[in-house]
Amino acid sequence: MNNDDDAAPETPSQSARLLMCVGPRCDADGAGRALHAAVKTALETAFAAELATGRLRLETRDCLRLCTREPVLRLEPCGDAYSGASVSEILRLVGEELSPTQ
Ligand code: FES
């Protein structure tokens with residue numbers, strides 16, 4: 001007997017990398033490193049398995065060449081960049097990147 005028809009549809013998933021700038025403009029007043037630390041802590045709670053398996057990676061950069069007045073980050077593989085995002089917004093974006101709905 002084949003139960004494939006009863007199986008729940010699989011949620012598409014992929015790997016993701018979050019690049020956070022801690023360069024001279026983004027971290028002029030310590031905001032870049034503070035955001036990075038807060039996001040790292042939040043990701044370790046919300047995406048522990050993804051971090052442990054390497055499906056999600058968090059990295060820093062010295063400048064993403066997108067300088068604004070707020071810390072800049074970029075998600076890969078989509079390539080979207082954000083400035084001034086909150087920790088909760090970043091968690092949502094990372095979740096969407098790991099499980100795109102197409
Ligand atoms: S210093 Fe952060 S994007 Fe340039």
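Reply: Two strands pair if DSSP finds at least two bridges between them. Strands (E, at least two residues) and helices (H or I, at least four) are DSSP runs, numbered from the N terminus. The model is predicted: local features need pLDDT of at least 70, side-chain atom pairs count only at pLDDT 80 or more, and totals for chains, interfaces and linings use all residues. Residues are numbered from 1 along each chain as its sequence is written.

Start with the layout. The sheet is open and has 4 strands, in the order E2-E1-E3-E4, with mixed pairing. Strand E2 (56-61) and strand E4 (81-83) are the edges, and each pairs on one side only. Direction ignored, neighbouring strands are turned by 20° against each other on average. Axes here are lines fitted to C-alpha atoms, for helices over the stretch in contact, and angles run from 0 to 180 degrees between N-to-C directions.

Now the pairs. Strand E1 (residues 16-21) runs parallel to E2, and 6 bridges join them. In this pair, Ala16 stands opposite Leu56 of E2. E1 also pairs with E3, in the antiparallel sense, over 4 bridges. There Met20 faces Leu73 of E3. E3 in turn pairs with E4, again in the antiparallel sense, over 3 bridges. Leu73 stands opposite Tyr82 in E4.

Two residues are in contact if their C-beta atoms, placed from the backbone, lie within 7 Å.

H3 has a helical partner too. The axes of helix H1 (residues 31-46) and helix H3 (residues 87-98) come within 10 Å and cross at roughly 45°. H1 is therefore oblique to H3; angles under 35 degrees count as roughly parallel, over 145 as roughly antiparallel, 65 to 115 as roughly perpendicular and the rest as oblique. The crossing of H1 past H3 is right-handed, meaning the near helix is turned clockwise from the far one by less than a right angle. H1 contributes Ala38, Val39, Ala42, Leu43 and Ala46 to the contact. H3 contributes Val87, Ile90, Leu91 and Val94.
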